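Biologist: I would like to learn how to read backbone angles and charged pairs in a model. Please take them one at a time.

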Amino acid sequence: MHLLVCLTSTLLPLVLILPLMHFRAKPKVPYPVINHCGNATNNCYKELDVPFIECNVRGVRPNISLDLLARTSEGDKDIPTDTVIDQEGLGYTSSVTTRSVFYYSDLFVLFVCKAYSSTKVLANDESIILIQNSATDISHRDVTLQHVERGTKLEIVCANDDIGFLVWKNEPSSNDGQQKVLLYAVFIGKKVSEVVQGDAILGRNGSLVIPTIDVQHEGRYTCIYGNGLSNDARSHDVVVVETEKLAEGKLLLGDLPNSEPNSFMEGDLKGITNQFLKELKGKYKDLYDAVQPIPYIKERLYCVDRVFVEGGIEFLDSYKGETMGNWKNLDSYQNVFNDQRVQSPRRILEGDPGYGKSTVTLQFAYDWCNSKDTSALKDVEIMILLRLRQMGGVSSIYRAIKQFILPKDTLLNEKDIEKIMRTCTSAVVIFDGFDEYPDQDITSGSDVMNIIARQMFQDIDVVTTTRSSFLPKKYPALTKRLRLTGFDDRARRYYIRKAVVGDDEERVQKVEESLKKNPILSDLCQVPLLFVIVAHMTHQSEKFRKLNSVTSFFRYMISCFHSHMKNKMDDENVRKYELLESEHHNLDQAAFDALCGSSQKIVWEKDDLVQILGPEFYDQYVSIGILVEEEVIDIIDDPGTPITEHVQYKTEARFYHKIFCEWYAAHYLSSYLQENADVDLSEFLQHLDPFDVQYLYRFSCGLNADSAEEIITYLKSIEGGDKFAILCILEQTGKVDHIEETIRALCFEGVIISGHDSLLLQRSSMQLLEIAAGNDVSTLASYYIIYVPDIIVLTNY
């Protein structure tokens, strides 16, 4: 190819034919330049109050495209940007800008500017910038006092969290409130570690190390850290002392249970209260940052605030001491603490399995730890969150706080905790899972039972979560009862948008359509735990469109648990794995026996369950996520036990959730009934209330058609069981053709839905009507639904 050039003069036009040249130009700076970093480096840390970033490459040919992305522990994420490409002479300038700096996190973020080019014109295609939001005040964050011996090595741990990036700052004791940046580091994507000033170096897991500490190192050291989706800051006040003074300090700070009074407690109540609050918040952060929507994908953890979506919540409007009344709506979970209609120092928060009782307690913990503006807990001084399933044999509330919330190396003892609780300005105590509390039948000596009965902590707000069928036997008349009612359409849509697909409206509608096209599972999607799994898995698989019963859904979900693990295995191990997947008889019986117990305690000591299942089977099901382990306290009171060995730790195992226990118990029940045709079901199932373990019955009918007939006959014989039996019939085929006559007969007699009925009975009745209407069962044509207070009656006129 040639270039035609025409030159003109006053005499003659002159035409030259020249070869066409392809020009390439490399920019002076061989990487994308971020405005706050300058030309000298492709990585930097900045504290900004103006949320604006520009990245550019100047004087390049051919032109290249740029992108600004937020780098997180879950990968690089898009943000709103503007891109411009200008030609300047023979070269091009590409630039990309954004004002959405704190789009995913409000304190500390990491951005990467990426260049895309068909030719290698840049030595480095990426530049990064760490940005701290200077408008966010971190002065109120937790501060730890640390005494260090002069001349020794100092190592300060930033956090036990999964840190994606961090910056260490120092405010010397002699300084006037001015901080200086010591170093920063990035651990995700391109690894970066830069010492800015001073003699500190980066240690293991982001710790700060000063090899030889001296007096000039005294001051406040602050670590600001994050992973792109969550962040926090922790400070340490370092005091350098001589050896003899440090020894005296250790005696003052030591945990001396036999010394009265505690000199540290008496001398610095404010100091130990601050330390107590720091340790509480550290524990709660570990809990609320580890929400796992899909149990078998253990590497996908979320902060509770990112995935929490409010479902329905109601309170019982009744006179003092009455168990009957009208259930009325609350607008929000926040109203538990600030609605005048439920003001009381004692509240019970009820909900069926999977309805989010534990999740809402984690959201309360998040709100309190982060002083969330909209939360009624933001001004509460102390919040205690205890999981009652851990507390078997632990009668003292102060011991429970020390053993289950504070770190093992805490310097605080039980007397410190008691003093703090008695002198605090305000407190909230949350007992999660009373239905799983091993000592719920103990009538005396239990602080938990005394607190629920308001015989302790009379002026402290206490919330107890439990299943509706497992209310405490003794609670004061002033107790307010609330209950979670599950997800409605609005909550489901909001969750899909917030936690599954983001703001992509097309994908939101696709997931919603997948769920709506499967009306048999509509009741299932009211259960937040199961809906969350459905939503995430529907987004990833089209197979959900074909599932037409709760049993088929759960069978498919369990297969996904196993498939996820098999994909990680070597081929030679898969055959052995598949055998353990299908042969789970011992687990089936263990689950059934646990549900038949009076307290339905679905927790085992690890060694006992390993003996029942075998070590290989046990390890596999823990790895999958169907079984989970938990460390709890074991109190040894045998005569002759040394005092230092009275309190020991042990490992317990339990199902990920009670619904999983019901799944395996259903295998046992359906097989047992098939093999024992003459069993008296009214006696055999006397401890298994269908309205408490509904999925056990539904799964059993879906797993085995022969045993289903016996179960359905039994259900029809109990009060309210005829409507529930319809749902169990549907489990066999997922179709309604063969049960139209049964539906017609029930509708002909009239269907009454009362607020006094259990939620399951109400939903069974509503689903019965939905099935009838959706399948044109002609009886309904002459019927009307009328409403009277708290009762809906289906009748004909």
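**Backbone angles and salt bridges**

Modeller: N205 sits in the loop between strand 17 (201-202) and strand 18 (208-210); helices (H or I, at least four residues) and strands (E, at least two) are DSSP runs, numbered from the N terminus. This is a predicted model, in which local features need pLDDT of at least 70 and side-chain atom pairs count only at pLDDT 80 or more, while totals for chains, interfaces and linings use all residues. Residues are numbered from 1 along each chain as its sequence is written, and side-chain values use heavy atoms, with hydrogens and water left out.

Biologist: What is the phi of N205?

Modeller: Most residues other than glycine have a negative phi, and most peptide bonds are trans. N205 is not a glycine, yet its phi is positive, near 55°. N205 counts as exposed because its relative accessibility is 71%; buried means under 20% relative accessible area, exposed over 50%, and partly exposed in between (1.4 Å probe, protein chains only). S371 also is not a glycine and has a positive phi, about 45°. S371 belongs to the loop between helix 6 (357-369) and strand 24 (382-387), and with 30% relative accessibility S371 is partly exposed.

Biologist: Which residues does a cis peptide bond join?

Modeller: R61 and P62, with omega about -5°. P62 lies in the loop between strand 5 (53-60) and strand 6 (65-72).

Biologist: How many salt bridges does a search of the whole structure find?

Modeller: Side chains of opposite charge can pair when their charged atoms come close. The cut-off for a salt bridge is a side-chain nitrogen of Lys or Arg within 4 Å of a carboxyl oxygen of Asp or Glu. The search finds 28 of them. One is K77 with E74, where the closest N and O atoms are 3.7 Å apart. K77 is buried at 18% relative accessible area, and E74 is partly exposed at 34%.

Biologist: Which parts of the chain does the salt bridge of R204 and E155 link?

Modeller: In that pair the closest N and O atoms are 3.9 Å apart. The two residues are 49 apart and link distant parts of the chain: R204 is in the loop between strand 17 and strand 18, and E155 is in strand 13 (residues 154-156). R204 is exposed at 66% relative accessibility, whereas E155 is partly exposed at 27%.

Biologist: Where do D305 and K372 lie?

Modeller: Their side chains meet in a salt bridge of 3.1 Å, N to O. D305 lies in helix 4 (residues 304-307) and K372 in the loop between helix 6 and strand 24, so the pair ties together parts 67 residues apart in sequence. D305 is partly exposed at 22% relative accessible area, and K372 is partly exposed at 26%.
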